[in-house]
Number of protein chains: 2
Amino acid sequence: MNEIRIFSPATVANVSCGFDVLGFCLDSVGDEMVIRKTDKKGIYITKIEGYDLPYEAEKNVAGVSALAMYADAKPDFGFEIEIYKNIKPGSGVGSSSASAAGSVFGMNVLLGNPYNNTELSYFAMKGEALASQSEHADNIAPALFGGFTLVKSVSPLEILEIPTPNNLYATIIHPQIEIKTSEARAILPKDVALKDAILQWANVGSLIHGLHTNNYGLIERSLHDAIVEPHRSKLIPLYQDVKAAAKTAGALGSGISGSGPSIFSLCEGINTAKSVEQAIRKVYANSDIEFDTYVSKINAEGMKILNN
Amino acid sequence: MNEIRIFSPATVANVSCGFDVLGFCLDSVGDEMVIRKTDKKGIYITKIEGYDLPYEAEKNVAGVSALAMYADAKPDFGFEIEIYKNIKPGSGVGSSSASAAGSVFGMNVLLGNPYNNTELSYFAMKGEALASQSEHADNIAPALFGGFTLVKSVSPLEILEIPTPNNLYATIIHPQIEIKTSEARAILPKDVALKDAILQWANVGSLIHGLHTNNYGLIERSLHDAIVEPHRSKLIPLYQDVKAAAKTAGALGSGISGSGPSIFSLCEGINTAKSVEQAIRKVYANSDIEFDTYVSKINAEGMKILNN
């Protein structure tokens, strides 16, 4: 096999109570990428469609992760990478992670799968760091493993695959505003109240248990964030209205996707997810902010090979 | 049935990362209680052996929980309670909870089991509050439900039963020193670093996942407490030595049981648990502090009916 076309999914990091550790993978939202072996050694980005991103491998997240893996694998050939970008950079659903993880996933298949998903995550984090100035796996992990993931630790990197209830859907709304990562970080407190932290780890434990036991009611009761949401939600216009509308329409719960501005809602069943989509569209329809919405099953598979 | 004899187990609350929410139940350590129907209405504590505790129902934790349930059930008869106490009050392995939960468990059986375990926990918390000045279910929950429990919330009371790996054992050492609950509380910080809180909820999520998947290695890597142990361990002489000795002897991890002074170690298999017992006994043998040790399988059943 000399060429592969893949679907590289969008992802939701943090997931309310799971700030900095939890994430899940979307199914119907993502980029496509073509990875191709080439006689000339090195990593070459040969096509980018959708958004204006750098072609030099060293300045492109897909290129940086590819270079990290290439330096380790040391094949006697090179790779060309084409990126068909559907996930808008800065939307908060793992745009850079999709690129960073997609290139190394595709290369790994063409190399005969010498690396496991944790090793691929390690390389992808190098690309992610170019975009977000820190090596983290919040979006990388669900993109590569699929389903729900818990990043237990970054050093050493340990990623846990949490079971995903079969009828779990996400509705995403992306208000087209810009939130600077630096601002989303600066707004977080250095210290938090112990009583709030206890609530948070009770909810993380409950959410993991709810995912293991297909307990949608428990998932609903666990989707609270006493720590980060009170601060970051201020950066997203109409956040509380979206959350309330989603709840009224039947969502299990809503939260900030990554550091925003996208807002996710988890729902039991596609019909509820579509009702939630209609309800939250109405919230932003009355504003002058442009927005997109998506409904997606939680993608238990992660990356997909479209042809080979 | 007019009389029942029960085993009311000792329990370990907090479990390292799970401060204020997690607990587990011991098998070979606990009190016995006899509950008996009597024509005379009311709650009567008729015998207490082992430790010197008040006989007036209103001043005894087993009596207070019994009275709370009695006021709700309104039977046309009364109950006598005999308490054969093996768990030393103040040892940190749920002595008051064993009494508070045991009385209502036994009464419930004699009433034909009108209450579920969560309702029994609610009554038992009233007794617990007499001993600890706050209504909490950290030890009540594992005593009544057995195995590992997660108290998701106290109001409304929601207790989750977490699966327990079959080969999981606990080794407990109880150094015979007194730690005042007020002191153990006062030493805790009001605020904690967000980065430490994140470590803690990553570990809580991982521990729940490890218990669901029988992953002893993950349980081991999750038994860390970045928040409470650094403070409370100062109140327990030789704490770090016990922890180090247990680890060297093969324990998955150790932590403060409840607010101490007992220290628990979790182990895979009874042989390791016994080796850990020998190793930690040596630590205290060189001190002038008296101590007891116990080895117990994690008790998945909770309360036991000894005869009826």
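Here are some questions and answers about this predicted model.

User: Which conventions apply to the numbers here?
Analyst: Residues count from 1 along each chain as its sequence is written, while chains are lettered from A and ligands numbered from 1 in the order written. This is a predicted model, where local features need pLDDT of at least 70, side-chain atom pairs count only at pLDDT 80 or more, and totals for chains, interfaces and linings use all residues; side-chain values use heavy atoms, leaving out hydrogens and water.

User: Within what arc do the buried residues of helix 9 of chain B fall?
Analyst: Helices (H or I, at least four residues) and strands (E, at least two) are DSSP runs, numbered from the N terminus. Buried means under 20% relative accessible area, exposed over 50%, partly exposed in between, with a 1.4 Å probe and protein chains only. In helix 9 (residues 239-248) of chain B the buried residues are B:Tyr239, B:Val242, B:Ala245 and B:Ala246. They line one face of the helix, because seen down its axis, taking directions from the axis to the C-beta atoms, they fall within an arc of 135°.

User: How much area do chain B and chain A bury between them?
Analyst: Contact means heavy atoms within 4.5 Å, and the contact takes 37 residues from chain B and 37 residues from chain A. Buried area is the accessible area (1.4 Å probe) that two parts lose on being put together, summed over both. B:Lys152, B:Leu194 and B:Trp201 supply 27% of the area that chain B buries against chain A, more than any other three residues. With 69% of it on carbon and sulfur atoms, the area that the two chains bury is about 2,700 Å².

User: Is B:Asn14 buried or exposed?
Analyst: Most residues other than glycine have a negative phi. B:Asn14, in the loop between strand 1 (3-13) and strand 2 (22-38) of chain B, has a positive phi near 85°. Its relative accessible area is 7%, so B:Asn14 is buried.

User: And B:Lys74, buried or exposed?
Analyst: B:Lys74 also has a positive phi, about 50°, although it is not a glycine. Its place is in the loop between helix 1 (61-73) and strand 4 (78-84) of chain B. At 65% relative accessibility, B:Lys74 is exposed.
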